[in-house]
Amino acid sequence: MLDVLGAINNLAWTTEHHFLHIKNQHDFLRIWAIQFELAYTDFRVIQMALQLDAQTDLLQRFTKAYDTVYHYEYAFVKDGLTGFNQAFGDQIDQYELAQQKLLTILDELKQQQPQPTKENDLI
């Protein structure tokens with residue numbers, strides 16, 4: 001599998017911190033949207049690595065888990081805290097489970113990556 005450790009680490013950090021941001025009812029910040037877009041790029045890089053490695057099952061599980069989290073985050077990016085709360089305010093437990101599932105899959109992916117070194121630890 002391609003070395004996508006930086007993408008895995010960034011997507012994991014973003015997933016966890018965005019969940020906590022929303023759970024703690026913090027207002028929308030411009031940087032949040034930028035992180036959201038960069039996380040999507042990391043998602044696509046990881047997908048490509050899985051496709052090139054012919055890991056179809058893991059690719060499908062990863063894509064489904066990301067897609068579930070994406071819908072929660074998109075509501076926040078699109079309409080801020082008010083919009084998120086209108087759409088998903090009563091589903092914070094489901095959102096937490098979704099982000100935990102994605103983090104678990106990212107941990108699984110991390111096991112397939114080379115150990116961080118000075119040369120490959122770019123983030």
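The legends below describe close-up views of a predicted model. Local features are given where pLDDT is at least 70, side-chain atom pairs count only at pLDDT 80 or more, and totals for chains, interfaces and linings use all residues. Residues are numbered from 1 along each chain as its sequence is written, and side-chain values use heavy atoms, with hydrogens and water left out.

View 1. His18 is placed in helix α1, residues 5-23, where helices are DSSP runs of H or I with at least four residues, numbered from the N terminus. His18 is buried at 1% relative accessibility (buried means under 20% relative accessible area, with a 1.4 Å probe and protein chains only). Its side chain makes a polar contact of 3.5 Å with the side chain of Glu73; such a contact is a pair of N or O atoms within 3.5 Å, of which, within protein, one must be able to donate a hydrogen and the other to accept it, and residues adjacent in sequence count only if both atoms are side-chain atoms. Leaving aside residues up to four places away in sequence, His18 touches Trp32, Gln35, Phe36, Glu73 and Tyr95, contact meaning heavy atoms within 4.5 Å.

**View 2. The packing of helix α3 with helix α4.** The axes of α3 (residues 56-88) and α4 (residues 92-110) come within 9 Å and cross at roughly 145°; these axes are lines fitted to C-alpha atoms over the stretch in contact, with angles from 0 to 180 degrees between N-to-C directions. Among the residues that meet are Phe62, Tyr66 and Glu73 in α3 and Tyr95, Ala98 and Leu102 in α4.

**View 3. The aromatic pair of Phe19 with Tyr95.** These two rings form an edge-to-face pair, 4.9 Å centre to centre and with 85° between the planes (rings of Phe, Tyr and Trp, the last by its six-membered ring, pair if their centres lie within 6.5 Å, and planes under 30 degrees apart count as stacked, over 60 as edge-to-face and the rest as tilted). Because Phe19 lies in helix α1 and Tyr95 in helix α4, the pair ties together parts that are 76 residues apart in sequence. Phe19 is buried, with a relative accessible area of 2%, and Tyr95 is buried at 0%.

**View 4. The stacked rings of Phe43 and Tyr66.** The ring centres of Phe43 and Tyr66 are 3.9 Å apart, with 10° between the planes. This pair links helix α2 (residues 30-52), which holds Phe43, to Tyr66 in helix α3, 23 residues apart. Phe43 is buried at 5% relative accessibility, as is Tyr66 at 6%. Both belong to one aromatic cluster, whose members include Trp32, Phe36 and Phe62.

Technical notes:
Helices (H or I, at least four residues) and strands (E, at least two) are DSSP runs, numbered from the N terminus. Buried means under 20% relative accessible area, exposed over 50%, partly exposed in between (1.4 Å probe, protein chains only).
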